[in-house]
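Here are some friendly notes to read alongside the model. Keep the 3D view open and look up each residue as you reach it.

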Amino acid sequence: MKTLRTSVRIALRALRVNRTRSALTMLGIIIGVAAVIAMVGVGSGATERIQEEIQSIGSNLIIVLPGSINSNGVRLGSGGVATLTEDDAKALATECPSIALAAPAVRGGVQVVYGNNNWATTVQGVTPDYLTLRDYTMSSGQFFTTQDVDAATKNAVLGETVVENLFGDSNPVGQVVIIKNVPFTVAGVLTPKGQSPTGQDQDDVILLPISTAMQKVLGANKANAKAVGSVMVQAISPDAMDDAMEETEALLRERHRILPGLDDDFTIRNLTEVFAAQETSARVMAILLGAIASVSLIVGGIGIMNIMLVSVTERTREIGLRLAVGAKRKNILSQFLVEAVTLSLVGGVIGILVGITASVLISRFAEWSTNISLMSVVASFLFSGMVGVFFGYYPARKAAFLNPIEALRYE
Amino acid sequence: MAPVITIQDLVKDFQLGEVPVHVLKGLSFEIDRGEFAAIMGPSGSGKSTLMNILGCLDTPTSGRYRLDGISVEELDSDALAEIRSKKIGFVFQQFNLLARTSAVENVELPLLYTDVPAYERRRRSLEALQAVGLAGREHHQPSQLSGGQQQRVAIARSLVNEPSLILADEPTGALDSRMGLEIMAIFQRLNREHGITLIVVTHDPDIAAYANRTLHVKDGRLQEDERSTHPRDARIDVDRFEAEALEAEPIKAGSR
């Protein structure tokens with residue numbers, strides 16, 4: 001312990017004496033650590049953003065689409081037949097223990113008009129459950145109620161993008177917009193959600209009561225007046241996702257009277273799983289960036305070793321003198337080791353600061369979200385210390401095992 | 001009184017490739033406490049090797065070496081370091097001061113490897129600097145000091161751990177004759193006033209003349225052990241040198 005304290009003092013003194021060189025040696029580590037911090041920040045920022053997007057969809061969601069059907073050998077794509085109904089949705093919500101909510105929806109493209117402005121957007125006919133299920137909140141006004149759905153009232157809830165394009169800055173609540181020649185009162189505006197994981201603008205939407213949408217806007221399906229475009233199902237918890245999917249399949253097969261051995265006439269998809277793949281790829285990218293940056297940290301370590309070797313050679317006489325006046329080999333070893341570790345740790349701290357600054361600049365000017373975790377800061381600090389020990393050991397050993405007689409005569 | 005150094009049949013061989021070189025071929029002598037001895041010999045005589053062994057930087061091939069009653073010949077490198085730290089002070093021809101490090105910090109260096117606490121280190125270093133007449137220059141760096149002053153810092157460094165023995169290897173070799181005389185005067189004073197045991201290794205008979213005893217080494221053997229009861233007094237010689245310099249006009253101010 002005492003040896004270590006002495007070594008620290010001697011090492012700090014030696015580093016002060018060679019300021020420029022100490023600074024240049026540290027530069028390698030500074031750049032290495034800064035690169036690791038910034039790259040890991042960018043990577044985890046990207047991962048976080050994707051996670052946010054996934055969450056913006058809503059949690060524990062399963063989507064049920066009307067299925068493909070095999071009609072005389074011609075297979076129609078998903079949604080090709082109107083097999084899914086509002087009653088199916090109600091049954092799912094009430095009969096399946098693992099399902100919290102089930103919200104039917106119909107959708108279609110429309111042109112919406114307000115005064116002199118018009119805008120092409122998507123209309124979704126939904127029930128109030130849809131709001132809960134998708135984690136939508138209202139930034140102003142009210143969402144429509146079950147009574148609105150039952151009575152097929154002409155109330156509309158607008159997404160932020162639609163509001164911007166039709167109303168600009170003025171308040172849309174209470175105004176009347178025309179959709180397919182039908183006047184709707186704007187009941188409320190949704191809080192913006194931003195982009196979905198697939199890159200769609202989730203705010204470019206108008207929500208209508210599903211009954212109104214089917215009867216007045218999109219037109220009911222000719223074959224089945226109660227057919228819907230999709231049913232969104234929310235499981236009671238993330239763990240219940242698999243159960244919820246099984247129950248959905250069993251219930252719908254029963255309701256649709258599908259005999260065992262025949263294909264489903266609907267498709268069930270786990271939305272979270274679909275987007276988790278994207279998250280994984282972002283994570284891989286983050287790891288890759290971090291790994292590449294670590295290489296520069298190792299290069300910085302080699303820089304330390306290089307300078308320490310030069311330093312040992314240059315200070316051969318000093319080492320000889322120290323040995324002659326009573327320094328033991330372990331004193332010399334720890335002196336040079338402490339010098340290397342000090343260089344790498346101080347470089348590490350500066351590198352962390354530079355890295356954080358760089359991440360802040362990246363997120364500000366490149367508008368790329370970054371995320372500095374305490375984990376990455378601590379890990380970089382420890383890693384830079386380890387680099388110092390690893391690359392400092394060989395030069396320190398070389399110094400400690402110099403022959404004092406030869407070292408004293410060294411020119 | 002027990003001698004500081006007892007050497008018996010000291011032999012040192014070096015292996016140069018295939019050929020063994022016999023550098024020291026059986027030396028025996030004793031040096032008493034308070035002696036001021038010079039080891040003289042031409043280059044290649046083995047005096048540097050002898051000096052390295054005396055300084056515990058090297059071990060003999062055979063023979064015995066007792067320093068302060070301790071048998072040094074079988075010690076390992078850490079134990080030798082301990083001996084050097086406690087019992088030996090070195091003065092080198094090239095001073096070997098640490099650059100960009102103040103005089104007092106240079107003097108402290110040997111104490112960094114001992115248990116002496118920081119304030120005591122500083123106190124003893126300042127005292128040692130005072131003993132060599134460098135009071136007031138404690139915080140000068142070597143580059144701000146003359147050659148003679150640098151060597152005095154080195155002497156202070158050799159004194160600071162209160163060693164049993166100071167070994168000086170050609171201490172005046174890098175200095176002009178006047179500075180060399182000053183250094184010898186300091187050695188004589190330390191020897192007389194503080195009773196410090198001193199060994200100066202030199203090839204210069206004029207320097208050896210200031211010692212009480214001269215050991216002549218040649219071809220790895222002790223050729224002659226010469227004691228002088230009245231060695232030259234370096235202080236008187238310094239004064240004489242200055243008087244001569246004053247007479248020898250003209251001398252420009254500031255030059256030597």
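**Notes on the two chains**

1. Let us begin with one residue. A:Phe184 sits in strand β9 of chain A, which covers residues 182-190. Please keep in mind that this is a predicted model.

2. Is A:Phe184 buried or exposed? A residue counts as buried when 20 or more other C-beta atoms lie within 10 Å of its own. A:Phe184 has 25 other C-beta atoms within 10 Å, so it is buried.

3. Now look at what surrounds this residue. Once neighbours within four places in sequence are set aside, A:Phe184 is in contact with A:Lys154, A:Asn155 and A:Ala156, and also with A:Val176, A:Val177 and A:Ile179.

4. Next, step back to chain A as a whole. Its domain assignment gives domain 1 as 2-53 + 277-409 and domain 2 as 82-90 + 100-235. Taken over C-alpha atoms, the centres of domain 1 and domain 2 of chain A are 57 Å apart.

5. Turn to chain B, which has eight helices and 10 strands. Its C-alpha trace spans about 55 × 45 × 40 Å along the principal axes. Why can we call its radius of gyration of 19 Å in agreement with a compact globule? Because a compact globule of 256 residues would have a radius near 18 Å, the value for chain B agrees.

6. Two further figures describe chain B. Of its 256 residues, 44% count as buried. Among its contacts with a separation of 6 or more, 69% are between residues 24 or more positions apart.

7. With strand β2 of chain B (residues 19-31), β1(B) runs antiparallel, joined by 10 bridges; here B:Gln15 stands opposite B:Pro20. The two strands form a hairpin with two residues between them, and B:Gly17 in the turn has a positive phi of about 65 degrees.

8. β1(B) also pairs with strand β4 of chain B (residues 62-67), in the antiparallel sense and over five bridges. On this side, B:Ile5 has B:Leu67 in β4(B) as its bridge partner.

9. Finally, where do the chains meet? The contact takes 18 residues from chain B and 17 residues from chain A. On the chain B side, helix α2 (residues 77-87) gives the largest share, five residues. That side of chain B divides into nine nonpolar, five polar and four charged residues.

Technical notes:
Residues numbered from 1 in each chain as written. Chains lettered and ligands numbered in written order. Predicted model: local features only at pLDDT ≥ 70, side-chain atom pairs only at ≥ 80, totals over all residues. Domains from an automatic or database assignment. Helix = DSSP H or I, 4+ residues; strand = E, 2+ residues; numbered from the N terminus. Rg over C-alpha atoms; globule rule 2.2 N^0.38 Å. Buried ≥ 20, exposed ≤ 12 C-beta atoms within 10 Å, placed from the backbone. Contact = placed C-beta atoms within 7 Å. Nonpolar A, V, L, I, M, F, W, Y, C, P; charged D, E, K, R; others polar. Pairing = 2+ DSSP bridges.
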